[in-house]
Amino acid sequence: MALPSVATAVPPALLVLAAAAVAALTDRRTAHAAGFLATAAVLGWVLLVPSGAHLATEFLGFEVVFFNVDAMGRLMGFIFALIGTAAVLYAAYTGARRTTVAFALAYVGTSLGAVFAGDWLTLVFFWELMALTSTLLVWEDGGKAVRAGFRYALLHGIGGSLLMAAVLLHYVEVGSFLFGEASGIAAGLPAALAAIAIGVNVGFVGLHAWLPDTYPRPHVAASVFLCVYTTKTGVYAMARAFPEGNLWVAYMGGGMAIYGVVFALLQDDMRRLLSYHIQSQVGYMVAGVGIGTALATAGGLAHVFNHILYKGLLFMVVGVVIYRTGKERLSELGGLWRVMPITAGAFAVAALSISGFPGFNGFVSKGMVTAAAHKEHLATLEYLLLAAGVGTFLSFMKLGYYAFLQGEVSHRVPDANRGQQVALLAVAALCVVYGLYPDPLFAMLPGEGASEAHPFTLGHIAEGLALATIALVVFVVIKTPLKKVPHVPDVDAIYNPVALYGTRALVHGTTDTYAAVDRVAVTLASTASAIAREPRTVIERWLVRLGRRAPDAEEPLTLRAGIGTSVALVVAFLTLVLVALSL
Amino acid sequence: MTEIDSLLPVAAILVSAVAVPLVLALRHRPTLREGVTMAAALGKFGIVASMVPGVLAGDAYVADLGTIATGIRFTFEADPLGVLFAFLASGLWIVTSLYSIGYMRGLGEHAQTRYFAAFAASLSATMGVAFAANLLTLFVCYELLTVATYPLVTHDETDEARAAGRKYLAYTFGGGVLALGGTVLVFWATGAAGAATTAFTPGGIADLATADPLVARVAFVLLIAGFGVKAALMPLHSWLPDAMVAPTPVSGLLHAVAVVKSGVFAIARVVLDVFGPDQLADLGLGLPLAAVAMATVLLASVIALRQDNLKRRLAYSTISQLSYIVLGLALLQPAALVGALLHVPAHAFMKLTLFFCAGAIHVETHTDDISRMAGIGRRMPLTMAAFALAAAGMAGMPLLAGFVSKWYLVIGALEAGGGIFAAGLLLSGVLNVAYFWPIVYQAYFETPDEHDPKPVVEGPIGGAPARATATDEAAEGTVADGGSVEHDHHGGPPPEGWRRAGWRGGESTWFMLGPILATATGAVALGIAPETVAFLRIVVEIVAGLPGVVL
């Protein structure tokens, strides 16, 4: 079935943005319905649009390609639309307000615009809008989310500025914004800046603290949207910027994988645990992009696809728990499998997927990235990724144990409602299907990497099972000591105070210095004018201060100079003038 | 550029000058009086708009009004740069007049006749500045602008207003003296080298290029210092925050659009049409000017972080953004010039929206301090939405005019090899987020009972829920840059919280809401389609018209 030509000339982002506008103006039900229909329509569009459809135009005086359908864009668009549909359905049944879904749809729309961009200007354009719309989505819940949203906006503003700098440096060197005109970002300073800028979005170690700071705070439905789009658009941008890979980026990916997992293990708040896991899993994706071979890039992008499915599912599961129990912390929960079997089942599927247990989708894509690292003889990176795999199993054993298995549930808690169940089970089913039969996914991956992937070899399956077993043993051993570990601060415990107190010092320093300078200037001006107007009074005051005259002296001060003194003064003045003129 | 003899530039100037006695005569018929203002505004805009197509096609309209003294002609010329400024100022006068009607009547202000008459006279002088064809005509109209705006600055007739007016006059007339000195030097230097002239020539006056470099440098410094007072270059800027005591439409149009823009416009004339980019590069004067501008951009943003009074915060934001324009001009690169000249209308639309919003808040709720504005998004949703849009544009967010000019400015800075200027521009964008976002988020997402302290730099990390602000008198009037701020408006939410006004305009009169939405729409239009709104085309025409410049 061919699409009518108007459909190939209009970016899919606009459809979702139109739905956002509808959502803002109508009631709750229509808002959710419009969102669901729009994302489903985009899903259909992504599947049917012919490859190479694009819209080349001029914007702000530069040549741009407002959207372009190639393999990478189609993959990203597909998964974005798919999870968007599930998330809107979930939001409708989880008490999301219409403003929540309006902002969420705007966020989804701008993300679609970003992944279908055909040039850097369009990408930066949508990148900044994504930061703006996601900030609004965070703020919308009010309360503690507001200040966290402000910190988020500032950090993403810095990231966006760095990306702008990188893109404009690239333009000055290459002369064009189009992706086709150069392979990735120009090497050197532009590439370094781009890596850091995209690193803010994907959560490079040190630039990641906004993830656990922001994602746990707003409404549970908002968290489902938030966990998907910003970080994965970052991975996409990294793949566009470094099509040949970059070893620093690859090792940073490995570092992210370990760092995220270690911190996740220490968390009590469920959504914070999941947020650190986003960093860890994105580390696999970034490692894949960084290694740069066909297999690695394909593995990274496959991991994007699979991660979106199971991470969305995890946030939905945790969201149902919070929605039903009102509690966000593991220490306050327990024994939920008895009263919420469907939610617990969905959790089990998601946990096995994220950990990479054979038979679930995470196993396939993690295996591809790890195998690529092995093939390129990047031993350290490979071990980092394997260790992170153990850690992932560990943290989900912790989450599952404390939330679902251990303990008694305090009172009867209802399970997920009908709509939530549909969303949960649909996504869980996809995790299983893509885990057992990944060929449809492989068909969508760009490049030739998918043909080198052999996930179901005995060696890989054994590896997966071995990691699971090690993790189980370790969990039993460290379970009790882990409870006693106190709160470990993250890097934002350093940079938040430095930023606030530093800015305060700078602002106060500047304003106080200026106030002092202004006082001096005003004093000088008024003294000068006083001397001109009434010299006698001024000199009287000075003499009193110097002690040469009594304060209450009777006779008035006389300022008269005799002829001799006058002549001397005039001659001195003329000499000065002559000297100045001769210089 | 073909020159056409035409009286259109003079007509544009005289339309509002003729309106002044009419307004004064109609003091007892307020509606007719306002009608005269609107008619003059529409007429002026029409005359200027009629010149735009010709200017885009490469013509210039010249009106020579004779010789003042030997070799000095009093001439008005509508060339692309002049038309850019005139088109902007006259167009925005229409919306500002509508807004003024709503504002002055909403507050029941005194001396409205004097206000509208002075406004018309100011716009006359602004047109004169825009169309002046040589430095002397520019100087005369520049000083007339100061005179015409003085009654507007001191409108309130309080001690604070009079002090602000005195400071304003002292600074601007002082600047005028320096500018006159520079003009005389240019005249003398060109006379020594060839025919004495101060006429604006795209690419620079040829004879000035052959003059003594020391004289040329001194002349440049004098001219820039003189015009830099109105362009609010630091340290000559401190008249601007104090002038915020004027009624808000005055602050908006004159101090965010006409008066300060005439300062940067005059600097643009000096850089592009008196000295020319090539000569300035040879004299090595670009870098010092760029450094001063960069310092102003960053320092003003830092000071803005501490201001609690909304209009003072906007004033420091203006000081910062004006130096974006001066920075772009000083970089002498084509892309930077395009960015700088595009920022003239871009900033005008955005800043005017912000000032209009501040004025509407003042009229409706008598609230001037940001710390009392928590939750005001309930009471004035449309106003704060326009504020949010304009603030996003100031930070350089896409879809808004600020993004386009920032894009070009950064390209120009990078092409000029000034990575540090690019970094400074981007840092300023982040600082804009830091001092505008708190106003937006507290309006919509916080309530009077639950908000963190503003300015944000005064509070603890992560914010803290507020105690009732009514008791916190000490928090008012934060000492800024040496000036003390007195408020006799103790606004803020009523005891039961802000009343909910819907999104259909129940929050205020349409005399004010209409202009707010119009300028916000203009800012968005400039951000999405800058060529269609003509401004980018005029700017490209200006820069392409400079000899030796390849875009």
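The model is predicted, and local features need pLDDT of at least 70, side-chain atom pairs count only at pLDDT 80 or more, and totals for chains, interfaces and linings use all residues. Residues are numbered from 1 along each chain as its sequence is written, chains are lettered from A and ligands numbered from 1 in the order in which they are written, and side-chain values use heavy atoms, with hydrogens and water left out.

**Stop 1: α11 and α12 of chain A**

Select residues 247-265 and 270-291 of chain A, which are helices α11(A) and α12(A). Helices (H or I, at least four residues) and strands (E, at least two) are DSSP runs, numbered from the N terminus. The two axes are 7 Å apart, at an angle of about 160°. Axes are lines fitted to C-alpha atoms, for helices over the stretch in contact, and angles run from 0 to 180 degrees between N-to-C directions. α11(A) and α12(A) are therefore roughly antiparallel to each other; angles under 35 degrees count as roughly parallel, over 145 as roughly antiparallel, 65 to 115 as roughly perpendicular and the rest as oblique.

The crossing of α11(A) and α12(A) is left-handed, a term used if the near helix is turned anticlockwise from the far one by less than a right angle, with right-handed used if clockwise. To see the contact (heavy atoms within 4.5 Å), show side chains including G253(A), M256(A), G260(A) and F263(A) in α11(A), and Y276(A), S280(A), G283(A) and A287(A) in α12(A). The residues of this contact divide into 16 nonpolar, eight polar and no charged. Here Ala, Val, Leu, Ile, Met, Phe, Trp, Tyr, Cys and Pro count as nonpolar, Asp, Glu, Lys and Arg as charged, and the others, Gly among them, as polar.

**Stop 2: α12 and α15 of chain A**

The axes of α12(A) and α15(A) are 10 Å apart at about 45°, so the two helices are oblique to each other. Their crossing is left-handed. On the α12(A) side the contact uses Q281(A), Y284(A), A287(A), G288(A) and I291(A); on the α15(A) side, K366(A), V369(A), T370(A), A372(A) and A373(A). By class there are six nonpolar, three polar and one charged residues.

Phi of H377(A) is near 60°, a positive value in a residue other than glycine.

**Stop 3: an aromatic pair in chain A**

Over all chains the structure holds 46 aromatic pairs. Select Y152(A) and W210(A): their ring centres are 5.5 Å apart and their planes stand at 70°, so the pair is edge-to-face. Rings of Phe, Tyr and Trp (its six-membered ring) pair if their centres lie within 6.5 Å; planes under 30 degrees apart count as stacked, over 60 as edge-to-face and the rest as tilted. Y152(A) lies in α7 (144-174) of chain A and W210(A) in α9 (210-214) of chain A, so the pair ties together parts that are 58 residues apart in sequence.

**Stop 4: the sheet in chain B**

Switch to chain B, where an open sheet of three strands has the order β1-β2-β3, with mixed pairing. Two strands pair if DSSP finds at least two bridges between them. The edge strands are β1 (2-5) and β3 (72-78) of chain B.

β1(B) runs parallel to β2(B), residues 59-69, with four bridges joining them.

**Stop 5: cis peptide bonds in chain B**

Zoom to M234(B) and P235(B), joined by a cis peptide bond with omega of about 5°. P235(B) is in the loop between α8 (213-230) and α9 (239-242) of chain B. The peptide bond from K454(B) to P455(B) is also cis, with omega near -10°; P455(B) is in the loop between α18 (419-445) and α19 (510-528) of chain B.
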